[in-house]
Amino acid sequence: MEQILAEQSLQSCTDNTRSLLNQITQDILQKGYSIQTNALPNELADMLHFHITQMPNEKFNEAGIGRELNQQVNEKVRNDEIAWINGESPAGASWLNWTTDIQTFLNRRLFLGLFSFESHFAVYEKGHFYKRHLDAFKGDTNRVLSLVTYLNKDWQPGDGGELVIYRDENDTQGIKVEPKFGTVVIFLSEEFEHEVLPANTQRLSIAGWFRVNNSIANNIDPPR
Ligand code: OGA
Ligand code: MN
């Protein structure tokens, strides 16, 4: 019965996305993370790639660290440039439709109570990196699941910019993910430290977070 409801609620969802979501669900239950190559639907991937490469420089800002009100730009930790996705462009709107399907599906299957999603384009120029970090700190955040996808056509070994996911705090080797076009990575935000190794050529990604509701006064679920 639960299965039938889950399937019915995903109107715009293709068979490919459905089977992808089943795999992601299993992985999150078993390991807490999921790495899927060629997972972003082709048409969506092409739209996002076109959009990120056409976007004017002034739409991008140096990424900060920490909460919005107390944000520092710390080039020792990260030096990518980001642009938040608001759904105004057709590419951004299609992306948010797709991530809404993911949110709906995972809520049905895993009872995560995901309430909202925030995401940004990120451009790492040659030499840019993001040192080992957590996306969320226990008890101090409402980010539950992190989602990353890559828009690097023809990524080659040697281009660098791999994502490294560490299984626990003693893990120094980690799991390396090549930032290839269409690869999607999802992991529990509070559990997995991760880093972006220095890029040897321009690296394009989208990073996003599914959040639970954390309303403050009349301000419903403010972004951090
Ligand atoms: C982030 C992040 C990973 C990536 O933006 O928090 O960890 O591979 N990004 O771009
Ligand atoms: Mn991160």
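Strands S6 and S11 run antiparallel and are joined by seven bridges. In this predicted model, Val-148 stands opposite Ala-207 in S11. S6 also pairs with S9, again in the antiparallel sense, here over five bridges, and Val-148 faces Val-185 in S9 across that pairing. Seven of the eight residues of S6 are buried, so the strand is largely enclosed by the rest of the structure.

These strands belong to an open sheet of seven strands with antiparallel pairing, in the order S1-S9-S6-S11-S4-S3-S2. The edges are formed by strand S1 (33-36) and strand S2 (61-62), each of which pairs on one side only.

Further along the order, strand S3 (residues 81-84) pairs with strand S4 (residues 116-124) in the antiparallel sense, over four bridges. Within this pair, Ala-83 stands opposite Phe-121 in S4. Helix H4 (residues 90-110) packs on the sheet, where it touches S4, strand S6 (143-150), strand S9 (184-188) and strand S11 (203-211). The direction of H4 makes about 130° with that of S4.

The metal site comes next. The manganese ion (ligand 2) has three protein donors: His-133 through NE2, Asp-135 through OD and His-194 through NE2. These donors lie 2.1 to 2.2 Å from the ion. Along the chain they follow the spacing H-x1-D-x58-H. Both His-133 and Asp-135 are buried.

Conventions:
Residues are numbered from 1 along each chain as its sequence is written. Chains are lettered from A and ligands numbered from 1 in the order in which they are written. This is a predicted model: local features need pLDDT of at least 70, side-chain atom pairs count only at pLDDT 80 or more; totals for chains, interfaces and linings use all residues. Side-chain values use heavy atoms; hydrogens and water are left out. Two strands pair if DSSP finds at least two bridges between them. Helices (H or I, at least four residues) and strands (E, at least two) are DSSP runs, numbered from the N terminus. Contact means heavy atoms within 4.5 Å. Axes are lines fitted to C-alpha atoms, for helices over the stretch in contact, and angles run from 0 to 180 degrees between N-to-C directions. Donors are N, O and S atoms within 2.8 Å of the metal (3.2 Å for Na, K and Ca); water is not among the atoms, so sites may look incomplete. Buried means under 20% relative accessible area, exposed over 50%, partly exposed in between (1.4 Å probe, protein chains only).
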